[in-house]
Amino acid sequence: MNMKLSAAARREENWGWFMVAPTIIGLVVLNIWPFIQTIYTSFCEHQGFGHYRFIGLGNYIEMFGNIEFWKATWNTIFFCILTVPVGVALALFVAILLNAKVKFKGGFRTLFFLPLVCAPAAVAMVWRWIFNGEYGILNQMLGQNIQWITNPKTAVIAVAIVSIWSSVGYDAVLLLAGLQNIPKTLYEANSIDGAGKVRQFFTITLPMVSPTMFSVLIMRLMASMKIYDLIYMMADETNPALTDMQSLMYLFYRSSFVAGERGYGSAIVVWTVSLILLVTLIQFWGQKKWVTYDI
Amino acid sequence: MKSTDSLRRSYAMAKFFTYFFLILGAIIMVFPFAWMILTSSKTVPESMLIPPTIFPAKWMLDNFKEAVTSLPFSHLYWNTTLMVFFRVICAVLFSSMAGYAFAKLKFRGKNILFGLVLVQMSLPSQIFIIPQYQMVAKMGMANTIFALVFPGLVSAFGVFFLRQTYMSIPDEVGEAAYLDGCNQWQTFYKVMFPLTGTSVAALTIFTAVFAYGDLMWPLVVNSDLKMMTLSSGLSTLKGQFSTNFPVLMAGSLLAMLPMVVLYLIFQRQFVEGIAGTGGK
């Protein structure tokens, strides 16, 4: 059949291959091959200068027996528990406020969105100062003496606050687009029935916005599982709460590039990616229970 | 039935609460920026006063001078600009070509090749970092602009995003150009590409903001202070001035300033661009 391609069809095919070539070559060199390599090196010991020795499951056995690793796994999950439900709920609240008839709507949107264009490194630096135990403005305002970043109990919470502050405007803008797609007539028909605002929220708004909310949830979850930059900026090697706040990706960075154990680091990243895929799959399976795609 | 009076009252209440929470939220969003600016003009003892003073005793640039002498900001600005520039060029050029081909052309292997794009998109970038770093090191390219650009030479997300844009353009547009004697390449860059302006702008902003904020890759690949980006360079300040917060705030302000200024000028494009791409 292929032999019968007309000249024009063959030309089109050549153009097609030519135009995807830079992307495909790039993907294979930069992503596909490195992906295979990372999985392979997770079964190897790094002997310096990019040389590896195959050691089978050694890295994984070491990893699963390491308390620091399990703590990092828990910190990451705890961080997601804090940021995903609270962050998305807050974002929905902001989106509903922005969806009302208000003045300066554009101005509010601009402000809420602002942290997104600021480098996380700079944002984290500012919050380090706000959270500072001795002279930080937060403790001064609360009249407290909480060591936000160096106390194992509050360190992850502090990072989560910064993360939510940074992302709530972005999530709200996405949810706002979902809210604006809800036909006004649905509310009009409903209010003739005499339904209250609260009931309207649960019977119309929430089901109608649930597909958007689902994609925001998935996105926020994947971003939170990969949290690294804020923790890198807020935790120091000397921080007594370091093991109580470091995420999997921060542990990966320290193992691979500070300690130079790239085989072990690869095992951590493979574990993290598996975890992300698992959590995403659970979400997709669970969405049937609460996401409404058509009414 | 509610009386119109109570209806009006509950309407006013709703309005009051809406503004109340919006203004409260706005204060929470602005406060860290304001506090950063106020602190950046204080002396160290002044910043440690209890109770704290809100405004600095006098507005001064001393902390900015100290930040600029401790960190080669002119290099950081230049490196960041080049990295963002080349990443945007590569993302727009290669993604437009591939996006067009995947949307409009027939060729064997198309589905498998597009599958590669989807696989890359669904994997976190950290899984590629160690081998990518080893490649850069093996080429002897660590501590260069090329190293900063390297992982962004192609953008799977850009391909996916622009493919959707090209799919929304009716086939008749391309067919008309083809009948007028354009070949596939001419159809692409003379007729189709100019129609994707909004999406290309969105991809540009998205790529720029993402590259500008990225921290792990620049830290890994460029350890020479003069070859760092604003993000990675700023992160070295925290060790140097662990308790000198006025200088740290001045440095943070210098690091975020360029993108914030661009954002305030192109607000609408930024919000629609980043939100419209649906993020990654």
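Student: Which residues of α11(B) are buried?

Tutor: This is a predicted model in which local features need pLDDT of at least 70 and side-chain atom pairs pLDDT 80 or more, while totals for chains, interfaces and linings use all residues. Residues are numbered from 1 along each chain, chains are lettered from A and ligands numbered from 1 as written, and side-chain values use heavy atoms, without hydrogens or water. Buried means under 20% relative accessible area, exposed over 50%, partly exposed in between (1.4 Å probe, protein chains only). The buried residues are Ser199(B), Val200(B), Ala202(B), Leu203(B), Ile205(B), Phe206(B), Thr207(B), Ala208(B), Val209(B), Ala211(B), Tyr212(B) and Gly213(B).

Student: Why is α11(B) largely enclosed by the rest of the structure?

Tutor: Helices are DSSP runs (H or I, at least four residues), numbered from the N terminus, and α11(B) covers residues 197-213. It is largely enclosed because the number of its 17 residues that are buried is 12.

Student: At what angle do α8(B) and α11(B) pack?

Tutor: Axes are lines fitted to C-alpha atoms over the stretch in contact, and angles run from 0 to 180 degrees between N-to-C directions. The two helices are roughly antiparallel, a term for angles over 145 degrees. Their axes lie 10 Å apart, at an angle of about 165°.

Student: Which residues of α11(B) make the contact with α8(B)?

Tutor: Contact means heavy atoms within 4.5 Å. From α8(B) come Phe157(B), Gly158(B), Phe161(B), Leu162(B) and Thr165(B). From α11(B) come Ser199(B), Val200(B), Ala202(B), Leu203(B) and Phe206(B).

How values were computed: Expected span 1.5 Å × (residues − 1). Parallel < 35°, antiparallel > 145°, perpendicular 65-115°, else oblique.
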